Amino acid sequence: MAKNTDNIEEDELLDNNIENAELLDDDKDVIKDTEDDDLLEDDLLEDDDLLEDDDLLDDDIEDQNFEIDDEEAFTDERDDFRDDKKLILKKGTKVRKNRVKRKIGLGKKRSVKQQKQRRLVMLGMTGAMVLGIIISLIAIINKYTPTKEHMSGYSYFNVTQSDDVLIILNNERVEDTGIYKDGRLYLSSDFIAQNLNQRFYFDTESKAILYTTATDIYTYKTNSNTYTDSKGKVYSEDFNIVNEVNGKLYIDFEYISKSSNFTYNYYQDPNRVVISNEFTDLDYVTVTKDTAIRYRGGIKSLVLEDVSKDTKLRYNKSIDDWMEVTTESGFVGYIKSNCASETFSEKKEDVYTDNMPSIVKNYKISLAWFQVTNITANSSVSSYLDGTQAITTISPTWYSITSNNGDMSCLATKEFVDKMHSRGIEVWPLVDDFDSSINGVTLYSSKTARTKMINTLINDSKKYGYDGINIDFEKVNVESAKHYLQFIRELSVACRSNNIVLSIDNYKSASYNSFYDLSEQNAFVDYLIIMGYDEHYAGSDSGSVASIGFVEEGITGALEQVSSKKLIEAIPFYTRIWTLTTTNGDTVTTSKAAGMQIAIDNLNANKAPAIWDETVGQYFGSYELDNSVIKIWLEEDHSIEEKMKLIQHYELAGVAEWKLGLENKSVWSVIAKYNQ
């Protein structure tokens, strides 16, 4: 019975296997309709796919690098699992449970490793992501974070360490450099004379530096701590005022600063002195919070200098969101506009002013030039003065320079001077430089020639009793100007010490004659006379000799440099008769000077009306004669009155007239009316 029972059981198992095989077929159909049942899906996998658990198991079997403790055990277990298909239970659910158990049993040893590996992968990915974010943040931070790196002063100024001292003048570095000697700063005499104080004048003849004040001329020899004044008195310092180094003269900077109008500061790295002698309105800004001055406009540009709140900077210009500024230490750089105040103007106060005494009369000057071409002409002066009014001063043209050695011709007489004094008129003889053989540089640069001219004028003043001297040097040029000005300084000292008035004739101020330097003249001279005529001259196009606009421009231009108490405006007693002749389409313009009445008579003789022209402040007349057109801008009472109104309006020191004998006597009452 037992044997039969076993057979029955084997039959039943066989039937069950068949039945289960059918169930497996059914399961395949169910799986198609039921995608949510992962276990049924596993039943349909091929043998190799039965080991897959959420794709990881299959991947692990395929991965050659995945480590398994016992590869043979794994193979046996898989074979056992395949054999188990022959022992499938009747219930499909039980079969699935067994398979699940076998899957779980197979993965128990590796699930921890897989999980660790997955965690490591996830951690790696997370770390990489975090690192990427950090790198991105760092890049963003770096992009928008201003650099704190500084540019060295040596790099900025493009210099290496040396004993030379850089010079920054009015925000600009100059080519010249200073030197330190015995612990003191010295700057070249040329640089000082051209930029800081022209009164430190190098005299080529004596090879010394001269410095002129109101009362003295000081002489500084090279490589010496002593110097002398014009009277021979010796002074000394604890240092050499002038040093000669490699054939170049240097003057002690601190010494000249005591008598010069500039401010300065010293800085290091590199050694430099920052100087300012601009005393006009300049633009500034104030720093509103601690910030950095950068080499260029941009937060990544190197820092030139850190500045604190309330620091005042020179404003240069704006570029987008940045301002170009200049620091007190001489750096020109940029700050953010939102770190600075609005621009404001400010004028620095002078640190040095001249206190030169002048001989200024307590009345308005009316100076009449009296042209003398020979000594006998002096006797005719009385006839020229008849009918005049309120002339205070006469200037006879007595002196002319005749050589580069300082020789002069003279037409003076004591009788003339005495006669003028008897009429209450002062005598200020004129000195000219009209001789074409004169070389200004040769003449004025020679101390011997300068001294000779000065001695001649001072000695003659004492001899003849002059009250003043009138210098009319019209051939000064750029090359001779600095030497000419030294002559004027030295002459002023001599005149002042002898109570002789010194007056200088000047052209209307313009850029092309600025070397006459009215400002420097103003410091040493008692009166400056502006020749308010020759607007149009022989050889120019036709036009007025002295239109009202031209005259006023001359006055206002001079007043920018000269005190009104010293300024005299010269007016013309003459005009020009212009002739414009046209031949074959070409017009040639010629002219000749004429006195007031001669010009008026010319128009009357040709029945040409004179019409008042408000734009020039003169009567104008013209007419045709033969093949020419004649034009005349008249000077007469009305035109002179307009000029005198300007002199009164600007409160000038007086008027001068060129020249006696060319005027109508009626103009004197007009002059007297306004010159008081």
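Helices are DSSP runs of H or I with at least four residues, strands are DSSP runs of E with at least two, and both are numbered from the N terminus. Every view below is drawn from a predicted model.

View A. The protein has 676 residues, and buried residues make up 45% of them. A search of the whole structure for disulfides finds zero. Two cysteines may be picked out here. Cys339 has a relative accessibility of 6% and therefore counts as buried. Cys410, at 33% relative accessibility, counts as partly exposed.

**View B. The cis peptide bond from Trp658 to Lys659.** Omega of this bond is near -5°. Lys659 has its place in the loop between β35 and α18. Strand β35 covers residues 654-658, and helix α18 covers residues 667-674.

**View C. Helix α18 and the elements that cover it.** Six of the eight residues of α18 are buried, so the helix is mostly covered. The buried residues are Val667, Trp668, Val670, Ile671, Ala672 and Tyr674. Strands β20 (365-370), β29 (567-572) and β35 (654-658) are among the elements that cover these residues. Helices α16 (596-605) and α17 are also part of the cover.

**View D. The packing of helix α17 (residues 637-649) against helix α18 (residues 667-674).** The two axes are 9 Å apart and the angle between the helices is about 15°. Angles under 35 degrees count as roughly parallel, and α17 and α18 are therefore roughly parallel to each other. The crossing of α17 past α18 is right-handed. On the α17 side, the contact is made by Asp637, Ile640, Glu641, Met644, Lys645 and Gln648. On the α18 side, the contact is made by Val667, Val670, Ile671, Lys673 and Tyr674. By class, the residues of this contact are six nonpolar, one polar and four charged. An α-helix has 3.6 residues a turn, so residues three or four places apart point the same way. Val667, Val670, Ile671 and Tyr674 of this contact are also listed among the buried residues of α18.

**View E. The crossing of helix α12 (residues 447-464) and helix α13 (residues 481-497).** The axes of α12 and α13 come within 10 Å and cross at roughly 35°. The crossing is right-handed. From α12, the residues that take part are Arg450, Met453, Ile454, Leu457 and Ile458. They meet His483, Gln486, Phe487, Glu490, Leu491, Ala494 and Cys495 of α13. This contact has eight nonpolar, two polar and two charged residues.

**View F. Asn499, in the loop between α13 and β27 (501-507).** Phi of Asn499 is near 60°, which is a positive value in a residue other than glycine. The relative accessible area of Asn499 is 58%, so the residue is exposed.

**View G. Asn158, in the loop between α6 (153-157) and β1 (164-169).** Asn158 is not a glycine and has a positive phi, near 55°. At 70% relative accessibility, Asn158 counts as exposed, because the cut-off for that class is over 50%.

**View H. Lys258 and Pro270, in the loops on either side of strand β11.** Lys258 is found in the loop between α8 (253-257) and β11 (263-267). Its relative accessibility is 65%, so Lys258 counts as exposed. The C-alpha atoms of Lys258 and Tyr352 are 8.0 Å apart, while 94 residues separate the two in sequence. Pro270 is found in the loop between β11 and β12 (272-276). The peptide bond from Asp269 to Pro270 is cis, with omega near 0°.

**View I. Lys309, in the loop between β15 (303-307) and β16 (312-319).** Which residues does Lys309 contact, leaving aside its neighbours within four places in sequence? They are Val287, Thr288, Lys289 and Asp290. Val287 is 22 residues from Lys309 along the chain, and their C-alpha atoms are separated by 5.1 Å.

Key. Residues are numbered from 1 along each chain as its sequence is written. This is a predicted model: local features need pLDDT of at least 70, side-chain atom pairs count only at pLDDT 80 or more; totals for chains, interfaces and linings use all residues. Side-chain values use heavy atoms; hydrogens and water are left out. Axes are lines fitted to C-alpha atoms, for helices over the stretch in contact, and angles run from 0 to 180 degrees between N-to-C directions. Angles under 35 degrees count as roughly parallel, over 145 as roughly antiparallel, 65 to 115 as roughly perpendicular and the rest as oblique. A crossing is left-handed if the near helix is turned anticlockwise from the far one by less than a right angle, and right-handed if clockwise. Contact means heavy atoms within 4.5 Å. Ala, Val, Leu, Ile, Met, Phe, Trp, Tyr, Cys and Pro count as nonpolar, Asp, Glu, Lys and Arg as charged, and the others, Gly among them, as polar. A disulfide is a pair of cysteine sulfur atoms within 2.5 Å. Buried means under 20% relative accessible area, exposed over 50%, partly exposed in between (1.4 Å probe, protein chains only).
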